[in-house]
Amino acid sequence: MNRLLFILCFLISIANQAQTNFEVVINTPDAYQGNIFFKKGGSQPRPVIILSPEGEELFVENWGLKGGDFKVNFNNHLTYFDRSSKGWFVMDSLQQEVDSVYCVNGFEADNHDFIALENGGYVLFSYDLQPYAMDTVVEGGDPNALVEGLIIQELDADHNLIFEWSSWDHFHITDNQYLAPWTGEELNFIHTNSIDIDDDGHFIISNRNLDELTKIHRTTGEIIWRWGGTQGEFDFVNDYPFTHQHTLRCLGDNKYLLYDNGN
């Protein structure tokens, strides 16, 4: 109900900008009658858009480098990424920016996903590219290779760091078989592209380059399970393994939704 009220208040303020540029091919009574929030991809212009179930543009505005992952978040506010400042912005129903959120400890936030919690806190992540002596790992490895790691941070409402997780403590470069024989100068072996909170309160991340979903204990940081990829702990029954997946979402009751790129 709170989220519905937020959307209604937001739409009232911008309804005079509405125009219809989309054609709805099928819209049955079974379709979810909610508005779609997104930033247009492809060629310019690439505005942020709120689209009604009937295909009517309820809000269209070009924010330049702002607007990535434009959505209504768990705190009942709009959130989006700003590529110029490498931070996330929080906006109320009057289109006022009420907060901006950045990684701490010298890391830069990644633009793929962001959680604004109901308690006022935030969850975001950063890629962590570090030099690594790969000649100590594999024959012919680059002694000055750059290897991609991942940092997850949870901040409280005052932006204090209350949890930080590093992939360096849990993953190994050879987990990614696509990079074999691991002799390249730059090894982007994780490429996490989404994060969510399971119904038991723990984090699950989607690691595209590992073909893996990873569940992480929210207080100890220990890995609870790994699903997919070379280190997966589950068998696929009557299906093939997902590969290079995107947009993991936890549905509860041990059910998960993701887009399988099928690479």
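With which residue does Arg218 form a salt bridge? The partner is Glu154, and the closest N and O atoms of the two residues are 2.9 Å apart, where a salt bridge is a side-chain nitrogen of Lys or Arg within 4 Å of a carboxyl oxygen of Asp or Glu. This is a predicted model, in which local features need pLDDT of at least 70 and side-chain atom pairs count only at pLDDT 80 or more, while totals for chains, interfaces and linings use all residues. Residues are numbered from 1 along each chain as its sequence is written, and side-chain values use heavy atoms, with hydrogens and water left out.

**Confidence**

- The protein chain has a mean pLDDT of 92, and 92% of its residues reach 70 or more, pLDDT being the predictor's confidence in each residue, from 0 to 100.
- Over residues 12–18 pLDDT stays under 50, and for these residues the model has eleven contacts beyond four places in sequence, contact meaning heavy atoms within 4.5 Å.

**Salt bridges**

- The structure holds ten salt bridges, among them the pair of Arg218 and Glu154, which links distant parts of the chain, with Arg218 in the loop between strand E16 (212–216) and strand E17 (223–228) and Glu154 in strand E11, 64 residues apart.
- Helices (H or I, at least four residues) and strands (E, at least two) are DSSP runs, numbered from the N terminus.
- Glu154 is buried, with a relative accessible area of 7%, where buried means under 20% relative accessible area, exposed over 50% and partly exposed in between (1.4 Å probe, protein chains only).
- Glu97 forms a salt bridge with Lys66, with 3.1 Å between the closest N and O atoms; because Glu97 lies in strand E8 (residues 97–101) and Lys66 in strand E5 (residues 66–72), the pair ties together parts that are 31 residues apart in sequence.
- Both members of that pair are partly exposed, Glu97 with a relative accessible area of 41% and Lys66 with one of 21%.
- Lys71 and Asp69 meet through their side chains in a salt bridge (2.9 Å, N to O), in which Lys71 counts as buried at 17% relative accessibility and Asp69 as partly exposed at 25%.
- A network of salt bridges links Asp69, Lys71, Asp113 and Arg249.

**Nonpolar cores**

- The largest nonpolar core has 23 residues, of which Met134, Ile152, Trp165 and Ile195 touch the most other members; such a core is a set of buried Ala, Val, Leu, Ile, Met, Phe, Trp, Tyr and Cys residues joined through side-chain atoms within 4.5 Å.
- Two or more residues of this core come from each of strand E10 (122–132), strand E11 (145–155), strand E12 (161–166) and strand E15 (203–207), and E11 gives the most, with four residues.
- Trp165, leaving aside its neighbours within four places in sequence, is in contact with Leu150, Ile151, Ile152, His170, Phe171, Ile205, Ile216 and Gly221.
- A second, separate core of twelve residues includes Val48, Leu58, Tyr80 and Phe89.
- Leu58 lies in strand E4 (residues 56–61) and is buried, with a relative accessible area of 14%.

**A strand hairpin**

- Strand E18 (residues 246–252) and strand E19 (residues 255–259) run antiparallel and are joined by four bridges, given that two strands pair if DSSP finds at least two bridges between them.
- Cys250 stands opposite Tyr256 in E19, and in this hairpin, which has two residues between the strands, Asp253 takes a positive phi near 55°.
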